[in-house]
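Here are a few exercises to work through with the model open beside you. Try each one yourself before reading its solution.

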Amino acid sequence: MTENSHQDRVLIFDTTLRDGEQSPGATMTHDEKLEIAAMLDEMGVDIIEAGFPIASEGDFEAVRDIAKNSRNAVICGLARAQFPDIDRAWEAVQHAARPRIHTFIGTSPLHRDITKLTQDEMVERIEATVAHARNLCDNVQWSPMDATRTEHDYLCRVVETAIKAGATTINIPDTVGYTAPRESAKLIEMLLERVPGADQIVFATHCHNDLGMATANALAAVEAGARQIECTINGLGERAGNTALEEVVMALKVRNDIMPFQTGIDTTRIMGLSRKVATVSGFPVQFNKAIVGKNAFAHESGIHQDGVLKNAETFEIMRPADIGLNATNLVMGKHSGRAALRSKMKELGFDLGDNQLKDVFVRFKALADRKKEVYDDDLLALMRDSDLDAEHDRIQVKFLRVICGTEAPQSADLILSIDGVEHRVTAQGDGPVDATFAAVKKLVEHHAHLELYQVHAVTGGTDAQATVSVRLSEDGKIATGQASDTDTVVASAKAYVNALNRLMVRREKTKPEGNLAAI
Ligand code: KIV
Ligand code: ZN
């Protein structure tokens, strides 16, 4: 029985941990990847693309451990059309109850130019690599990268080759977000019609959002016969991102009358995952983002508010509870206890273990002492705060005192712990943040370029926490750090240090022996 034997069932393939993590600056730690994978599995995602095992030791270990911990989902690892890639992917995913190898090669004229393969040579490569993957694993996905810019005759030929060599899923990527809904549908129809054996495999659609049409293109492909949608939480991904999981799943649920397809997703977990991915990736969700944006269920105008109060359906096509958004933003305060905090954090997508709860509770109490009311966003900011990872971070902020005001220059007195040893320094600068960053730079010499420094208030009021984002780039590697505090300068120092820690992780991906001196 093939996975698409129920014609109205659409498989959800989540690639947040692979394509999503390829967003510049969205590096996630090993533990964060494991947590997200567990949440995706619980939510009912059919296939989790956990990473690209040959890309680095870190990627390999993440895919292997996600495979070991998987429950229901198929765990998939990506591989180029090369034997060592495929072997490494298998080494990582073989631990899963249901493993899959996903191998790909660019088939459009532009990609054939890069690989310097003739059409015939590429066909031979596809035949050999897919057969090799199939010898290792009975669940093999193959993708002709840049399919939407590949000549139709050649696309039919390579897809037929991959099916004959043993591929069980054929993914049709719109790698550069170039297609449009009608064309996306026609391409799947054309392949189903022309390729021998096409009815024996599952067609998948993988759309990028460069023209803002990724979700529409994916749904059009499904209407034409694709039965697997590749997507990411919050639409995270290269450039403008991928099809957003929450968009396709909710579109299929809300408009089931015109798109009668089922997914196995428990939609009430959407908000928890969205928040979790936004927190760990450092990519906040835009306020007006469909489904998961802060304003997606907010009604500002009097007419809308009045209508919604009388009958929510007047201006809402789905209920907040459908995506796991509680109607009330329950305010926590300094009298709230551990149990309340644990259940609130669970609602926000964080299943805290006892030790983590202990740590978060101490920090929550400290915040509640400074702030009368602690809102959901404050708690999310608390989770984002780099202190939570402190025990794993090589650089940690231990102390900061800044002198600022009308008399320049401003100065910062800073203690950082670096690989367990405390170092103290003072530095001056043009303003408190500049002085603080100069102090960090004195202690951690590096050549990274500051690409972005951004502050926003988490909630209202002068006692609001500030969330600071810092983006650094060095030799093409980008790392984003975030931290929150009621003191903007402290948040800035922590965000800067958080970005430096992440830059080191990024470096270690390509250079396992990465050390501080190498930063
Ligand atoms: O966008 C793309 O083409 C990809 C492939 C690796 C499937 O992500
Ligand atoms: Zn992609």
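**Exercise 1.** In which helix is the place of leucine 187? Work out its surroundings too.

*Solution.* Two conventions come first. This is a predicted model, in which local features need pLDDT of at least 70 and side-chain atom pairs count only at pLDDT 80 or more, while totals for chains, interfaces and linings use all residues. Residues are numbered from 1 along each chain as its sequence is written, chains are lettered from A and ligands numbered from 1 in the order in which they are written, and side-chain values use heavy atoms, leaving out hydrogens and water.

- Step 1: Leucine 187 sits in helix α7 (residues 181-194); helices are DSSP runs of H or I with at least four residues, strands are runs of E with at least two, and both are numbered from the N terminus.
- Step 2: Leucine 187 counts as buried because its relative accessibility is 7% (buried is under 20% relative accessible area, exposed over 50%, partly exposed in between, with a 1.4 Å probe and protein chains only).
- Step 3: Leaving aside residues up to four places away in sequence, leucine 187 touches Ala147, Thr148, His152, Leu155 and Ile172 (contact means heavy atoms within 4.5 Å).
- Step 4: From leucine 187 to histidine 152 there are 35 residues in sequence, and their C-alpha atoms are 8.3 Å apart.

**Exercise 2.** Find the protein donors of the zinc ion (ligand 2).

*Solution.*

- Step 1: Asp19 (OD), His206 (NE2) and His208 (NE2) are the protein donors, at 2.0 to 2.1 Å from the zinc ion (donors are N, O and S atoms within 2.8 Å of the metal, or 3.2 Å for Na, K and Ca; water is not among the atoms, so sites may look incomplete).
- Step 2: Along the chain, these donors follow the spacing D-x186-H-x1-H.
- Step 3: Aspartate 19 lies in the loop between β1 (11-14) and α1 (30-43), and histidine 206 in strand β7 (residues 202-207), so the pair ties together parts 187 residues apart in sequence.
- Step 4: Aspartate 19 is buried, at 3% relative accessible area, and histidine 206 is buried at 5%.

**Exercise 3.** Check the length of helix α15 (residues 432-443) and list its buried residues.

*Solution.*

- Step 1: At 1.5 Å a residue, the 12 residues should span 16 Å (the expected span is 1.5 Å times one less than the number of residues).
- Step 2: The end C-alpha atoms of α15 are 17 Å apart, which agrees.
- Step 3: Buried in α15 are Val433, Ala435, Thr436, Phe437, Ala439 and Val440.
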